[in-house]
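Subject: Structure handover

Hello,

Please find the structure below, with the sequence alongside.

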Amino acid sequence: MATLSEKKTCSERMENFRRFIWNPETKQFMGRTLINWVWISLYYLAFYVVMTGLFSLSLYSLMRTLNPYEPDYQDQLKSPGVTLRPDVFGERGLQIYYNVSDNKTWDGFITTLQTFLTAYTPAAQHLNINCTSDTYFIQDTFDGPNKTKLSCKFTSDMLQNCSGLTDPTFGFPEGKPCLIIKMNRIIKFYPGNGTAPRVDCTYVGDDSRPLEVDYYPVNGTFNLHYFPYYGKKAQPTYTNPLVAVKLLNITRNEEFKIVCRVVGTGIISDNVHDPYEGKVEFRLKIDD
Amino acid sequence: MVGGFSILLWIGAAFSWISFGIQFAQGAESPFDNLYLGVVLALVVILTGIFAYYQEAKSTNIMASFSKMIPQQALVIRDAEKKELPADQLVVGDIVEIKGGDRIPADIRLIFTQGCKVDNSSLTGESEPQSRSCDFTHENPLETRNIAFYSTTCVEGTATGIVINTGDRTIIGRIASLASGVGNGKTPIAIEIEHFVYLVAGVAISIGVLFFIISVSMRYKILDSIIFLIGIIVANVPEGLLATVTVSLSLTAKRMAKKNCLVKNLEAVETLGSTSIICSDKTGTLTQNRMTVAHLWFDDQIYSADTSEDQTTQPFDQSSQTWTALSKIVTLCNRAEFRPGQENLPVMKRVVVGDASETALLKFAEVVLGDVMDIRARNKKVAEIPFNSTNKFQLSIHETDDRNDKRFLLVMKGAPERILERCSTIMINGKEEPLDSEKAEAFQTAYMELGGMGERVLGFCHLYLPENEFPDTYPFDTDSMNFPTSNLCFVGLLSMIDPPRSTVPDAVSKCRSAGIKVIMVTGDHPITAKAIAKSVGIISATSETVEDMAKRLNVPVERVDRRQATAAVVNGMELKDMSLQQLDEVLCNHSEIVFARTSPQQKLIIVEGCQRQGAVVAVTGDGVNDSPALKKADIGIAMGIAGSDAAKNAADMVLLDDNFASIVTGVEEGRLIFDNLKKTIAYTLTKNIAELCPFLIYIIASIPMPIGTITILFIDLGTDIIPSVALAYEKAESDIMNRRPRNKSKDRLVNEQLAVYSYLHIGIMQSVGAFVTYFTVYAEQGFLPTTLLGVRVNWESNAINDFEDSYGQEWTKYQRTYLQWTGYTAFFVSITIQQVADLIIRKTRRNSIFQQGLFRNKVIWVGIFSQIGIALILTYGLGHVTALNFTPLRFQYWFVAVPFAILIWVYDEVRKLFIRRYPGSWWDKNMYY
């Protein structure tokens, strides 16, 4: 094989480059004459305008095919996720660590809960109706104003001792903190198959020792009349029902791992990949 | 040629590990993705490296063959004793004895010879054995008669000599070291690939750095920015391409091997395609390497004989009585014989014991007359004088097969002028007529004419010995010559030539239309060389050399304008005296050049001269002496049959059938692979944009990641590999042998048009198609396009497990991640679907797909099916393996990108239509790659 030396000195390269930027003989700027640049720019302009148009057209026709009330598929939403308030997310997941005697360590939790519950004040809920039946609140017609469906009221006072109304500190200073469990909304999801799903909190990995808990509302149930959810457009004022958990007898200065499951038919809580499906796990440590 | 990309990928791998380290130290949840990515990238680099090493290791070491050539034993006289010694123990001053059949153990100066002949073909390429004596005849050691060279063979006789050089210091050893010393530079294709690597790496680095800066200034974390950088690098580097190129080249090499071109160095496949000058040997390559009777002269008339490879009859007029006499002489006055046991073979293929001319005559006679041995048996030989250089004739005396004719027949053949001297009569139309000056003149004219055609002419005569003087029992004595050897009857002339191979003229004219200059370099006489050059078309019928013009215009050679002569026949002796400048002038000014009487060393000078013109030079050679030229050439072609091991080692390619026409088919394949590599690269580059855009938009618009780095690797190293190899099987679009060889500096493999068209036209369309699929998937699951903008931080946050979609539903992190993987899969599937369209449009660069035929290249369909098959396996088969980030995709999402695939096809058809309609236009210049 032959030697095809393409070695150029640095100055030659620079000279070549300068000639590429502006070639005075052919009046070429970066390999093209000015008029050529204009043509090519116009072409690309037109090309990209057309491409943008096609893209917009595709998205427009996509939007036209969509149902505004509910999505076409709920492949990932077979079972709702469960979240916890206050939600302080540390290195090892949800953590509620605080010192009873140091109010700075729990002020944040209280603020979080209070802020969270502002959506549940009677004022915020005034558009929703009072529901009393303990069955699914199925609405096939749009009974609400402006082609909407009705939503049931859930006010914070239903959480009784954990409502923040009687005890604005949510029991934190006493070492009996209130935590709020919320189940994710899924459109047309019927949890519990007729029985109201309830929250059940236990220590993780230690079944022998029962966790002393007060649930609010009683039994820690999500009343069935909050289900099914019909979506943001149908139920613009819908709020998730909540369950408050008051931990009563927590040994101080010791870290615990607690899991709160939502128990009910159709609610999966054993998905190895998803730690928040049907349950929420957190670590708790209350110092003196 | 892998260097550039490897470095980029190593950088990517290093970044992956760094970010893994940082994330791990920070205790983040799932940092292992980056660890795996780094490992995969490193694996890609290492595997490509091993692949390249494997290819390199296959190329053989030239010096290896020289060690094999050392003869086992040498007969040495040491301490007044004859000893058998291994040849490598010889020292300068040893006296060695050689006999016929031995290989010469070192360079030796002969001090005693007896009928010694050596075959120097391995050294000089001359096939005729050369006699050796003790006389010093020439200053040049290669020319003098008293030196025998290492590695040549002694054919006959015996000799004794003093060792003057051993091992590497022998003439052949020096040539060998010269051959290995000639620099091994880069092949044209390696340069092209390097250029391409620079281009892609340049794009990758500049986009990478640009977006690194953008993401940093958009207040992304440095760690995130580094991860983006990895993604951009991985998206930009066509990981599978270099393996694809190698595979395509080796496929072509295989195809060429079927056509008798054995390619040793893969890259040489393409080099052959860019060849602009072929320096070809004559003997064996252009010719059949077999003396054959070409013309006959009797009855004052020249007849032509058939010289093709597979003759079975001779068409000339055989009715004359003179021909009967002549054929008898040809048959009887001949010592050559067929080797027994070949009755079933065609005459031309049979092996003959005898020298080249006698073989030619024997085969000629066998073809025309039938069983020669039977004729000889019926005309029993009673006496014979073999040919020798002093007599310059051969004579034999036979009984005749006519029972009534008791006369003996004396037949003689030899150098025409010597034969004529011994004749007093000449046979015309079967009658003896006195040989007057007019008839002698006719003979001279014929002799000159045949000689002028470069043919070896023999004269034939006979005499019936009178019965009364030479009765049955007459004792013929060849030493005292007790029979007449003069006043014979002249019968005719036969001329022989080593005829051109029948496929060669076609091949030469193909070269001519392909813009390839064919230069003949031979050791033969200029007249023979010119005659062969003319008959194969290297010198075309209408062109003239300076000498021809001088003759035609009747002026001295010096006064002819050299520039007007298109052809030139340059003698080796002239070449010796030429300066480099003069040689350049010859190479420049004449389009048809023959170098005659050249030594193999001069071949190197010619090759260098051609390369100075900027040509890509292919050189054929067989002798050891040719190996420097073979090395020096851009592509060295060794002869498979006649070639020595050293030549084969120095060469890049071996011609298994020694046929020039095979070179031309090789050129065709080489050009085709260059075109097809262009298509492969265009195909591969296109999707880079569709892989890159997701990152850019992810960074700028903060949407959920559309495609993962691992997924990109699955496209680059999975679905795209077989289709890009399939493009190597694509047939040529037009007659690629009708255009000039590509210009090394202008016709790049990857030019601006190719890159721009792939990146900014088709690539953009693919991206749009893939993004439409992406948005469709998200929208139908609940996230409308508008919701997606700017969600990146929350979307990727592990802390948010009630992320709200457009319909008010709430999603946990894992549910979102799974959706994101569905998005990856959808994006991947869309790219695959559109790559099918890309594959189809890349089949041609100018012609419509319908002109080329959609189904002519079956391998393309294998490619398409494999592409879709792999995608199906990945999505549905491996969709549950979370580490791969594939999910079983809903079936309808496979079709979202189909309209865009069709658009790509239509757009490209329109492009090609305009290119065909308006050649040379603005469109053609900007859109044709």
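Predicted model: local features only at pLDDT ≥ 70, side-chain atom pairs only at ≥ 80, totals over all residues.

Residues are numbered from 1 along each chain as its sequence is written, chains are lettered from A and ligands numbered from 1 in the order in which they are written, and side-chain values use heavy atoms, with hydrogens and water left out.

The interface

On the chain B side, 65 residues are in contact with 53 residues of chain A (contact means heavy atoms within 4.5 Å). The two chains bury about 5,000 Å² between them, and 57% of that is on carbon and sulfur atoms. Buried area is the accessible area (1.4 Å probe) that two parts lose on being put together, summed over both. Within chain B, the residues that lose the most area to chain A are Tyr807(B), Glu810(B) and Trp922(B), together 15% of what that side buries.

Seven salt bridges are counted between chain B and chain A. A salt bridge here is a side-chain nitrogen of Lys or Arg within 4 Å of a carboxyl oxygen of Asp or Glu. Side chains of opposite charge can pair when their charged atoms come close. Glu810(B) forms a salt bridge with Lys182(A), with 2.8 Å between the closest N and O atoms.

Which elements give two or more residues to the side of chain B that touches chain A? They include α6 (188-217), α26 (752-781), α29 (813-841) and α32 (898-917) of chain B. Helices (H or I, at least four residues) and strands (E, at least two) are DSSP runs, numbered from the N terminus. Of these elements, α26(B) gives the most, with 14 residues.

A surface patch on chain B

Trp10(B), Trp17(B), Val39(B), Leu43(B), Ile46(B), Leu47(B) and Ile50(B) make a nonpolar surface patch of about 650 Å². Patch residues have over 30% relative accessible area and no salt bridge; like charges are joined within 9 Å and nonpolar side chains (Val, Leu, Ile, Met, Phe, Trp, Tyr) within 5 Å. Accessible areas come from the Shrake-Rupley method with a 1.4 Å probe, and for residues only the protein chains shown count as cover. Helices α1 (3-26) and α2 (32-58) of chain B each supply at least two residues of the patch. The most come from α2(B), with five residues, and Ile50(B) is found in this helix.

A salt bridge within chain B

Over all chains the count comes to 48 salt bridges. One of them joins Lys259(B) and Glu669(B), at 2.9 Å from N to O. This pair links distant parts of the chain, 410 residues apart: Lys259(B) is in the loop between α8 (241-258) and β8 (261-263), and Glu669(B) is in helix α23 (residues 660-701).

Backbone details in chain A

The peptide bond from Arg85(A) to Pro86(A) is cis, with omega near -5°. Pro86(A) sits in the loop between β4 (82-85) and β5 (89-90). Tyr216(A) and Pro217(A) are also joined by a cis peptide bond, with omega about -10°.

Regards
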